[in-house]
Amino acid sequence: MPPPFRTAVAVCGTALAAVFMGGCGEPDGLRVEGSALRPSKVTGPVYLADATGQPLQRPTHVGLTEYVTLAELDWKDWGGPTARATGRLSGEWCLPACAKRPYAATLTLSGLERQDRLAYYRRAAVEPGDPEELPAAAVNVQFQGIRLSVPEF
């Protein structure tokens, strides 16, 4: 390259570096005005999708997985960041004993995902009332971190 061209490239490179290093902000740094954005509230209905993908609102009975079923759900909270209910826990792992007498449990839903005009809970956790009551087969059942299906629109 001829020397004048190298000089022009060096000058342009130095100028670009100064612009990138200096940024476009104020000499005293970035200045922010106005209030911070607040997350928008969920408007519209809130759902829980069962193991088959069926959308439910405040269900009294739900199969979360093929192994975890809750009945007689009494909802304490619904529609906020978390939803909580107490109910009766059963599944294939506890048959035949729990068919007549399911175990007391608390269901917590979380991970509220807002979509166009509605929202779905994405995760569920089941806390047995007295874990000592559960049969040995319950050790193989996932009660925490249950991923719920959320339809894509």
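Before going on, some ground rules. This is a predicted model, with local features needing pLDDT of at least 70 and side-chain atom pairs counted only at pLDDT 80 or more, while totals for chains, interfaces and linings use all residues. Numbering runs from 1 along each chain as its sequence is written, and side-chain values use heavy atoms, with hydrogens and water left out.

Helices (H or I, at least four residues) and strands (E, at least two) are DSSP runs, numbered from the N terminus. Two strands pair if DSSP finds at least two bridges between them.

Now, strand 1. Strand 1 covers residues 46-49. Strand 2, residues 55-56, is joined to strand 1 by 2 bridges, and the two run antiparallel. Together they form a hairpin with 5 residues between them. In the turn, Gly 53 has a positive phi of about 90°.

Which strand runs parallel to strand 1? That is strand 8, residues 119-120, again joined by 2 bridges. Here Val 46 has Ala 119 as its bridge partner.

Next, the faces. In a regular strand, side chains alternate between the two faces of the sheet. In strand 1, Val 46 and Leu 48 sit on one side, Tyr 47 and Ala 49 on the other. Are these residues buried or exposed? All four are buried, and both faces are covered. The cut-offs: buried is under 20% relative accessible area, exposed is over 50%, and partly exposed is in between (1.4 Å probe, protein chains only).

On to charges. A salt bridge is a side-chain nitrogen of Lys or Arg within 4 Å of a carboxyl oxygen of Asp or Glu. How many turn up in the whole structure? The search finds 4. I will take some of them.

Asp 74 and Lys 76 meet at 2.7 Å, N to O. Asp 74 is partly exposed, because its relative accessibility is 41%.

Asp 116 bridges to Arg 117, with the closest N and O atoms 3.5 Å apart. Asp 116 is exposed at 61%. Arg 117 is exposed too, at 65%.

Then Glu 133 and Arg 101, at 4.0 Å, N to O. Glu 133 lies in the loop between strand 9 (123-128) and strand 10 (146-147), and Arg 101 in the loop between helix 2 (97-100) and strand 6 (103-110), so the pair ties together parts 32 residues apart in sequence. Glu 133 is partly exposed at 39%, whereas Arg 101 is exposed at 53%.
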